[in-house]
Amino acid sequence: MADEKPPKGGHVAVIGLGRFGGAVAESLLELGYEVLGVDSDPRLVQDWSDRLTQVAEADATDEEALRQLGVHEFGRAVVGIGTNLETSVLTVLTLAEIGVPEIWAKATSVKHGKILSSVGADHVVFPESDMGERVAHLITGRMLDYIEFDDGFAIAKVRAPRGAAGRTLGDLALRTRWGVTVVGTKRPGEDFVYARPETVIPENAVLIVAGDTAKVESYAAEN
C-alpha cells in the first residue's frame with residue numbers, strides 16, 4: 001500500500017457478491033467508498049441492486065465486459081469468487097491484463113492462493129481468518145491491520161499522524177482528541193515499544209491503537 005493516506009472515499013470494484021464479497025462491499029460502503037458490484041448470478045445482482053452504488057450482471061472473465069463497466073479505471077478490485085477456481089483465477093488474470101493497479105482475491109486453499117498470486121493478485125485473503133469487514137479496512141489503506149471484537153472494541157495498526165515524529169504521545173493527546181488509546185509504537189526492523197506518555201514517536205513509526213470501534217475507525221480515517 002502507498003505510504004500516503006488515500007483521499008476519503010473512492011471507488012472499488014467487488015467481483016463476486018457472495019457472503020465474503022458482499023461483506024467486503026457493505027463495509028466499504030460504510031467507510032465512504034463507492035462500490036461497483038459485479039456478479040454473473042442475476043439473483044445476487046438483484047439482491048444488491050438497491051444497496052451498492054452500481055451493480056452489474058457480467059462475466060468477469062470477459063475483458064470487454066469489464067472495460068465496458070469501466071473497471072480498468074478503478075484503482076482497486078476485490079475478487080470474492082471462491083467456489084469456482086477456474087473463474088476465480090481467470091478473473092484475476094483479466095483484471096491484471098486490463099491494468100487494475102491493486103487486486104485483492106479470495107482463496108480457498110494455499111495452492112489456490114499461490115495460483116492467484118502468480119496470475120496477478122497483489123493480496124490474497126483467506127475468509128476463514130480474514131473476515132470481510134477487516135479486509136475492507138485494509139483495502140482502503142487507512143489501516144495496516146485491524147481486528148474487531150464482538151463487543152464493539154477494536155485494535156488497529158495505523159501509521160503515525162503526519163508531523164508526529166519527535167513528539168511524545170502525551171503531547172499528541174490522542175485519547176483526549178480521538179478517544180483511542182495508544183498501546184505501543186513500532187518502527188520497521190525495531191522492537192515493539194509499549195506506550196507511555198513520555199514515549200517519543202520516531203520517524204516512519206506505526207501505532208497500535210485500541211478503543212471503541214467507531215472511534216478507532218474515525219481516527220484511522222482522518223490520520
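Let's start with two helices, H4 and H5. Helix H4 covers residues 85-97, and helix H5 covers residues 110-119. They pack at an angle of about 20 degrees, with their axes 8 Å apart. Those axes are lines fitted to C-alpha atoms, for helices over the stretch in contact, and angles run from 0 to 180 degrees between N-to-C directions. H4 and H5 are therefore roughly parallel to each other. The cut-offs: under 35 degrees is roughly parallel, over 145 roughly antiparallel, 65 to 115 roughly perpendicular, and the rest oblique. The crossing of H4 and H5 is right-handed.

Who meets whom? On the H4 side we have Leu85, Ser88, Val89, Val92, Leu93 and Ala96. On the H5 side we have His112, Ile115, Leu116 and Val119. Contact here means heavy atoms within 4.5 Å. The residues of this contact divide into 8 nonpolar, 2 polar and no charged. Nonpolar covers Ala, Val, Leu, Ile, Met, Phe, Trp, Tyr, Cys and Pro; charged covers Asp, Glu, Lys and Arg; the others, Gly among them, are polar.

A word on the source. This is a predicted model, where local features need pLDDT of at least 70, side-chain atom pairs count only at pLDDT 80 or more, and totals for chains, interfaces and linings use all residues. Residues are numbered from 1 along each chain as its sequence is written, and side-chain values use heavy atoms, with hydrogens and water left out.

Overall, the protein has 9 helices and 11 strands. These are DSSP runs, numbered from the N terminus: helices are H or I with at least four residues, strands are E with at least two. Of the 223 residues, 45% are buried. Buried means under 20% relative accessible area, exposed over 50%, partly exposed in between, with a 1.4 Å probe and protein chains only. Take the contacts with a separation of 6 or more: 57% of them come from residues 24 or more positions apart.

Now the sheet. It is open, has 6 strands with parallel pairing, and the order is S3-S2-S1-S4-S5-S6. Two strands pair if DSSP finds at least two bridges between them. At the edges sit S3 (54-57) and S6 (123-125), each pairing on one side only. Neighbouring strands of this sheet are turned by 15 degrees against each other on average, direction ignored. Inside the order, S4 (residues 76-79) and S5 (residues 102-106) run parallel and share 4 bridges. Arg76 has Glu102 in S5 as its bridge partner.

Next, strand S11, residues 206-212. Buried or exposed, mostly? Mostly covered: 6 of its 7 residues are buried. S11 pairs with S8 (residues 153-159) in the antiparallel sense, over 7 bridges. In that pairing Lys157 stands opposite Ile208. S9 (residues 181-186) also runs antiparallel to S11, joined by 5 bridges. There, Thr181 stands opposite Ala210.

Ala173 has a positive phi of about 50 degrees, although it is not a glycine. Ala173 lies in the loop between helix H7 (169-172) and helix H8 (174-178). At 24% relative accessibility, Ala173 counts as partly exposed. Asn204 has a positive phi of about 60 degrees, and it is not a glycine either. Asn204 sits in the loop between strand S10 (193-194) and S11. With a relative accessible area of 60%, Asn204 is exposed.

Key. Left-handed = near helix turned anticlockwise from the far one by under 90°.
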